[in-house]
Amino acid sequence: MVANHAQLVATMTRSASGIGRRGQLVAVEAATGEPVAFVPVSNVTAPGSWNVGLWVTPAKRGKGFSVEALRGVMELLHEVGVEVAHLGTAVDNEAMKAAAVRSGCTFDEVRPHKLPNGTTVMSNWYSHRAE
Ligand SMILES: CC(C)(COP(=O)(O)OP(=O)(O)OC[C@H]1O[C@@H](n2cnc3c(N)ncnc32)[C@H](O)[C@@H]1OP(=O)(O)O)[C@@H](O)C(=O)NCCC(=O)NCCS
């Protein structure tokens, strides 16, 4: 899938059973070929329920890659049949909250989010639905 300024590359890790439950899409800047945004995706909570995260390379922040990467990943997930994808971010992460809304996500609720490192942060939760 090719976005305006970046191209998405997918990786999906395989579990012991051979079925990937976690993966990552990488947005590569078209002009330089450099990776600029990393979008972890997982469906570990329930079948059909996908979670999406986002990390933009510090030097490439403030250039709109977050919105572009999120839009591209949501489009890809819906293309392969995922009806709804979820995204949670800390209640004070203003840039991520703005990126979620700008990429077409709908705000759902505030509830705790357990991070991979074991800590829990109060988070805004959003969803993105197939049209
Ligand atoms: C959060 C993060 C992904 C944003 O990426 P970015 O490339 O800087 O975002 P953008 O430049 O595309 O900006 C996204 C939106 O946030 C807005 N924004 C940026 N900083 C802001 C701030 N401090 N307050 C309010 N809005 C802000 C931008 O104006 C933009 O909105 P717009 O498109 O309506 O103008 C990036 O800072 C990051 O990777 N942070 C570390 C990891 C992280 O927090 N990930 C989210 C965890 S789920």
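Biologist: How are the residues numbered, and which cut-offs apply?
Modeller: Numbering starts from 1 along each chain as its sequence is written. The model is predicted, so local features need pLDDT of at least 70, side-chain atom pairs count only at pLDDT 80 or more, and totals for chains, interfaces and linings use all residues.

Biologist: What is the mean pLDDT of the chain?
Modeller: The mean is 86, and 85% of the residues reach 70 or more. pLDDT is the predictor's confidence in each residue, from 0 to 100.

Biologist: Where is confidence lowest, and where highest?
Modeller: Lowest in strand β1 (residues 6-12), at a mean of 65. Highest in helix α2 (residues 94-102), at 98. Where pLDDT is low, the predicted coordinates should not be read in detail.

Biologist: How many helices and strands are there?
Modeller: There are 2 helices and 8 strands. From the N terminus, the order is β-β-β-β-β-α-β-α-β-β. Helices (H or I, at least four residues) and strands (E, at least two) are DSSP runs, numbered from the N terminus.

Biologist: Which residues touch the most others in the largest nonpolar core?
Modeller: Ala 37, Val 39, Val 52, Leu 54, Ala 69 and Val 73, out of 23 residues in that core. Such a core is a set of buried Ala, Val, Leu, Ile, Met, Phe, Trp, Tyr and Cys residues joined through C-beta atoms within 7 Å. Buried means 20 or more other C-beta atoms within 10 Å of a residue's own; exposed means 12 or fewer, partly exposed is in between, and C-beta atoms are placed from the backbone.

Biologist: Which element gives the largest share of this core?
Modeller: Helix α1, with 6 residues.

Biologist: What does Val 39 touch?
Modeller: Gln 24, Leu 25, Val 52, Gly 53, Leu 54, Ala 69 and Val 73, leaving out residues up to four places away in sequence. Contact means that the C-beta atoms, placed from the backbone, lie within 7 Å.

Biologist: Switching to strands. How many bridges join β6 to β8?
Modeller: There are 7, and the two strands run antiparallel. Leu 87 has Tyr 126 in β8 as its bridge partner. Strands pair if DSSP finds at least two bridges between them.

Biologist: And how many join β7 to β8?
Modeller: That pair has 8 bridges, also antiparallel. Their hairpin has 5 residues between the strands, and Gly 118 takes a positive phi near 95 degrees there.

Biologist: Do β4 and β6 run parallel or antiparallel?
Modeller: Parallel, with 2 bridges. Trp 50 is partnered with Ala 85 in β6. Ala 85 also stands opposite His 128 in β8.

Biologist: Is Asn 124 buried or exposed?
Modeller: Asn 124 counts as buried because 22 other C-beta atoms lie within 10 Å. This residue sits in strand β8. Gly 88 is 36 residues away in sequence, yet 5.6 Å away in space, C-alpha to C-alpha.

Conventions: Two residues are in contact if their C-beta atoms, placed from the backbone, lie within 7 Å.
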